[in-house]
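Please load the structure in the viewer and keep the selection tool at hand.

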Amino acid sequence: MATSPILTPTSVLQGHHKQLAFLSREGSARSTVPISHNRTRSRSFPIVSMTATPVQTFLEKSAPSNQNQNLSLMVNACTGKMGKAVIQAAQAAGLHVVPVSFGLEEESGKTFQIGGNEFFVHGPSDRESVLASVLDKYPNLIVVDYTAPTAVNSNAELYCKVGVPFVMGTTGGDRELLHKTVEDSKVYAVISPQMGKQVVAFLAAMEIMAEQFPGAFSGYSLQVLESHQASKADVSGTAKAVISCFNKLGVSFNMDEIQLIRDPKEQLEMVGVPEEHLSGHAFHMYHLTSPDETVSFEFQHNVCGRSIYAEGTVDAALFLAKKIESRDQKRIYNMIDVLREGNMR
């Protein structure tokens with residue numbers, strides 16, 4: 001008998017399904033799990049499912065609106081997919097996004113139209129003076145960082161040196177050094193490689209289960225498949241966190257056993273990713289089977305697009321603004337802290 005701790009929408013249960021094969025490294029099918037074939041209905045994975053121009057001149061073109069004028073966001077890497085998504089989410093929430101951003105050297109000195117507004121991009125050479133100028137004009141500034149893994153630590157050092165609170169959504173870098181940099185500077189920051197609120201809630205639930213019921217799935221076998229856009233070469237940090245929980249629950253599984261799907265054709269035909277989201281998605285499937293193969297559990301969560309991360313980022317910025325205003329003694333937060341605070345949009 002197969003059981004599942006995840007409630008599936010009725011429309012999914014009534015729909016037709018096709019079988020998704022978990023493939024071994026040799027390509028042979030090991031087992032199959034059903035996924036929705038009808039893309040117009042609810043998905044069957046229901047869990048989550050810079051030559052510098054004087055900065056002052058350009059800043060004067062955009063002033064904060066009356067609504068939320070006490071909080072301004074500076075979104076770095078504004079031309080990136082996450083940068084654009086955060087700008088749109090922030091504007092929809094009534095926040096003011098300053099028209100200045102840091103970007104690549106080849107973008108330096110250029111103006112980009114994003115979300116109906118112009119953004120002037122500065123390169124690496126004058127970042128400190130630019131950031132100081134922006135902070136001087138917008139004292140309640142919070143920086144949002146979705147840049148590159150190689151820039152995580154240098155960017156954090158810059159924010160801390162200038163004294164600007166920030167939300168770090170970029171993955172990678174030396175995370176231990178990142179936290180130490182913030183701790184030493186006493187700057188407020190939300191640091192989280194996963195900004196999707198619902199995904200974070202799922203991870204928190206998994207961690208609670210692992211802590212309270214260690215060994216509950218001893219002897220069970222685990223199969224993991226994760227599909228992301230072709231540009232993502234590394235293994236999902238979310239998948240690693242979930243697997244770590246399963247390890248604590250008694251399941252023997254190594255990270256190199258994860259089946260990575262990056263081929264768009266396989267994503268369309270085997271995984272069922274909508275074609276319009278091939279360039280931005282996160283589909284994760286975890287399949288547990290008892291030693292005698294009479295019981296199975298399935299954990300699945302799918303994300304299409306980037307809105308879930310962008311909205312979570314805006315919530316993180318609003319949360320951080322409250323902590324700064326109240327002069328909270330704690331300075332470094334993660335998305336679990338944001339969730340626990342409640343009052344999210």
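Select helix α7 (residues 197-212) together with helix α8 (residues 237-248): in this predicted model, their axes come within 8 Å and cross at roughly 20 degrees. Angles under 35 degrees count as roughly parallel, and α7 and α8 are therefore roughly parallel to each other. Their crossing is left-handed. To display the contact, show V199, F202, L203, M206, E207 and A210 of α7, with T238, A241, V242, C245, F246 and K248 of α8. By class, this contact of α7 with α8 comprises nine nonpolar, one polar and two charged residues.

Next, select helix α5 (residues 152-162) and helix α6 (residues 175-185), whose axes come within 10 Å and cross at roughly 5 degrees. That angle makes α5 roughly parallel to α6. On α5, the contact is made by V152, N153, A156, E157 and C160; on α6, by R175, L177, L178, T181, V182 and S185. Six nonpolar, three polar and two charged residues form this contact of α5 with α6.

Proceed to the largest nonpolar core, which has 38 residues; L73, V167 and V190 have the most contacts inside it. Elements that give two or more residues to this core include β3 (72-76), α3 (81-92), β7 (117-122) and α7. The largest share, eight residues, comes from α10, which spans 307-325.

Centre the view on V190. Which residues does V190 touch, not counting residues up to four places away in sequence? They are F166, V167, M168, M195, A316, F319, L320, Y333 and N334.

Finally, select V98, F102, Y159 and M168, which are included in a second, separate core of 26 residues.

Key. Residues are numbered from 1 along each chain as its sequence is written. This is a predicted model: local features need pLDDT of at least 70, side-chain atom pairs count only at pLDDT 80 or more; totals for chains, interfaces and linings use all residues. Side-chain values use heavy atoms; hydrogens and water are left out. Axes are lines fitted to C-alpha atoms, for helices over the stretch in contact, and angles run from 0 to 180 degrees between N-to-C directions. Helices (H or I, at least four residues) and strands (E, at least two) are DSSP runs, numbered from the N terminus. Angles under 35 degrees count as roughly parallel, over 145 as roughly antiparallel, 65 to 115 as roughly perpendicular and the rest as oblique. Contact means heavy atoms within 4.5 Å. Ala, Val, Leu, Ile, Met, Phe, Trp, Tyr, Cys and Pro count as nonpolar, Asp, Glu, Lys and Arg as charged, and the others, Gly among them, as polar. A crossing is left-handed if the near helix is turned anticlockwise from the far one by less than a right angle, and right-handed if clockwise. A nonpolar core is a set of buried Ala, Val, Leu, Ile, Met, Phe, Trp, Tyr and Cys residues joined through side-chain atoms within 4.5 Å. Buried means under 20% relative accessible area, exposed over 50%, partly exposed in between (1.4 Å probe, protein chains only).
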